[in-house]
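I'll jot things down as I go.

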Amino acid sequence: MKITPNEIEEENVTDASPSSESEHENRNRRVVKMVYKALLRGGNGEKEKLAKVVGKELEWRYHGPPHCQHMMKMLTGESTQKSFKFRPRRMRSVNGDRLIVEGWEDVGEYWVHVWRLKDGIITQLREYFNTLLTVVSEDENKGRIWRSTPWARVQGSLPDLVLSI
């Protein structure tokens, strides 16, 4: 099933309600959506767009099979968009500066990205491939913020990690 960026299930989680906070979150959402669109389209013009929003000192962490490090290879130009297509299915804004994006294609191709942005620039990426993820708040009063939902797209068991933000 193909899905367009307009069909991404979006969830908002924020403690503040000022309009500047929602504008900040909306800008971050636009930046991250642009990354996925640029990767799907490919081409030199798209690479230039990516270069403008990905920080030069990008902090990246990965958990999953070594041969599935698709996003970093695409962001660095080591791989083309033809090697793997990221199609986001669910997106959630957390704490204003982070976006959790989840997607899948076929059985055995399940991923989660946790993006952190500062002033519209991507500064951090946590990439999880074929790994379940639970995101919890460092504020002990908030508890669990988000949980992977791979449903029946993955056969067998997967590692399950907890990310504290």
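**Entry 1: a charged pair**

Which residue's side chain meets that of glutamate 59 in a salt bridge at 2.7 Å, N to O? I looked it up, and the partner is arginine 126. A salt bridge here means a side-chain nitrogen of Lys or Arg within 4 Å of a carboxyl oxygen of Asp or Glu. Glutamate 59 sits in strand 2 (residues 54-63) and arginine 126 in strand 6, so this pair ties together parts that are 67 residues apart in sequence. Side chains of opposite charge can pair when their charged atoms come close.

I then checked how covered the two are, with buried meaning under 20% relative accessible area, exposed over 50%, and partly exposed in between (1.4 Å probe, protein chains only). Arginine 126 is buried at 10%, whereas glutamate 59 is partly exposed at 30%. Glutamate 59 also has a salt bridge with arginine 61, at 3.6 Å from N to O.

**Entry 2: what I'm looking at**

Residues are numbered from 1 along each chain as its sequence is written, and side-chain values use heavy atoms, with hydrogens and water left out.

The pLDDT is the predictor's confidence in each residue, from 0 to 100. I found an average of 80 for the protein chain, with 80% of the residues scoring at least 70. Residues 12-18 have a pLDDT below 50, and this stretch has 13 contacts in the model beyond near neighbours in sequence. For contacts, the rule is heavy atoms within 4.5 Å. Where pLDDT is low, the predicted coordinates should not be read in detail.

**Entry 3: the overall layout**

I counted through the elements and got three helices and nine strands in the protein chain. Helices (H or I, at least four residues) and strands (E, at least two) are DSSP runs, numbered from the N terminus. Along the sequence the pattern reads β-α-α-β-α-β-β-β-β-β-β-β.

The protein chain has 165 residues, and 47% of them count as buried. I also looked at contacts between residues at least 6 apart in sequence: 59% of these join residues at least 24 apart.

Why is strand 7 largely enclosed by the rest of the structure? It is because four of its five residues are buried. I looked for its pairings next (two strands pair if DSSP finds at least two bridges between them). Strand 7 runs parallel to strand 9, with five bridges, and leucine 133 has leucine 161 in strand 9 as its bridge partner. With strand 8 the sense is antiparallel, and there are three bridges. Valine 135 is opposite tryptophan 146 of strand 8.

**Entry 4: loops**

I went through some loop residues. Asparagine 95 lies in the loop between strand 3 (88-94) and strand 4 (98-104). Its phi is near 60°, a positive value in a residue other than glycine, and asparagine 95 is partly exposed at 37%.

Asparagine 130 is in the loop between strand 6 (121-129) and strand 7 (132-136). Its phi is positive too, near 50°. Is asparagine 130 buried or exposed? I have it as buried, at 14% relative accessibility.

Threonine 149 falls in the loop between strand 8 (144-147) and strand 9 (160-164). I found threonine 149 buried at 18%, and it touches Arg90, Glu102 and Tyr110, not counting residues up to four places away in sequence.

Arginine 27 is in helix 1 (residues 19-41) and is partly exposed at 32%. Which residues does arginine 27 contact, leaving aside neighbours within four places in sequence? They are Asp119 and Gly120. From arginine 27 to aspartate 97 I get 10.0 Å, C-alpha to C-alpha, though 70 residues separate them in sequence.

Aspartate 97 has a salt bridge with arginine 98, with 3.9 Å between the closest N and O atoms, and both residues are buried. Arg41, Glu46 and Lys49 are linked in a salt-bridge network. My search of the whole structure ended with seven salt bridges.
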